[in-house]
Amino acid sequence: MTKKQRAELVQTELEKLYPQVPIPLDHTDPYTLMVAVALSAQTTDKKVNQVTPELFAVAGTPQRMAKLEVFEIKELIKEIGLANTKAKNLKRMAELLLERHNGVVPQTYEELEALPGVGHKTASVVMSQAFGFPAFPVDTHIHRLMTQWKLTSGKNVVETEKDAKSIWPESVWNKLHLQIIFYGREYSPARGKGEKDFITKMMFDKD
């Protein structure tokens with residue numbers, strides 16, 4: 001199969017599997033989404049969703065988060081990996097939102113990535129899922145599967161994101177990146193043997 005055919009196969013099959021894709025991280029607004037995504041680094045979405053209800057009940061706004069001490073934030077997120085660093089980032093993130101943006105989550109990559117704990121992937125998720133801007137956030141599932149599907153060289157997530165954006169039209173980015181994540185979790189987990197990964201099998205069968 002050509003690269004174009006493989007890309008079309010992926011899009012077609014994922015649309016059949018996941019015609020509707022919920023956002024995996026529970027949130028109520030752009031701020032709580034940004035916090036949840038920042039917490040999800042090196043942590044499962046499931047674990048983040050278990051921790052954030054209590055966190056958001058206490059500090060669901062930048063104003064309330066900024067008033068907490070770092071140790072108080074850490075206590076609320078202690079079950080999550082890198083809790084020390086993330087607690088410091090959440091406090092400073094809230095303070096800078098208040099200082100620079102009147103407590104409102106900005107809608108540009110430059111401003112988002114200037115916040116502590118907000119890298120390019122987190123900014124991309126916020127831009128796409130909170131504000132609807134076309135973006136293709138690349139997580140480990142997407143990076144691994146696109147390499148497996150020979151749709152990217154697989155050198156790094158930056159290259160994978162660039163390749164994804166060149167392969168698929170902008171109109172499908174926001175939905176397709178979630179569809180690939182759901183597929184990876186359900187059909188091709190990193191620690192599994194890939195027996196259920198029928199998309200890869202279809203590609204190899206047709207080559």
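Predicted model: local features only at pLDDT ≥ 70, side-chain atom pairs only at ≥ 80, totals over all residues.

Reader: OK, what volume does the largest pocket have?

Author: About 620 Å³. A pocket here is an open set of points on a 1 Å grid over the protein atoms alone, where a 1.4 Å probe fits, with protein on both sides within 12 Å along at least five of seven lines; lining residues have an atom within 4 Å of a point. The volume is the space filled by probe spheres set on the points, which are joined across faces, edges and corners.

Reader: And which residues lie nearest its centre?

Author: Thr43, Asp45, Lys121, Asp139 and Arg185, out of 26 lining residues. By class, the lining has 13 nonpolar, eight polar and five charged residues; Ala, Val, Leu, Ile, Met, Phe, Trp, Tyr, Cys and Pro count as nonpolar, Asp, Glu, Lys and Arg as charged, and the others, Gly among them, as polar.

Reader: Which helix gives the largest share of that lining?

Author: H11, with four residues. Helices H3 (45–59), H8 (120–130), H9 (140–148) and H11 (173–187) each supply at least two. Helices are DSSP runs (H or I, at least four residues), numbered from the N terminus.

Reader: Switching to the domains: how many salt bridges cross their interface?

Author: One, by the rule, which asks for a side-chain nitrogen of Lys or Arg within 4 Å of a carboxyl oxygen of Asp or Glu.

Reader: How many salt bridges does the structure hold?

Author: Nine. Among them, Arg185 and Asp45 meet at 2.5 Å, N to O, and Glu95 and Lys91 at 3.5 Å.

Reader: Where do Glu95 and Lys91 sit?

Author: In helix H6 (residues 83–101); being four residues apart there, Glu95 and Lys91 are separated by about one helical turn.

Terms used. Residues numbered from 1 in each chain as written. Heavy atoms only, no water.
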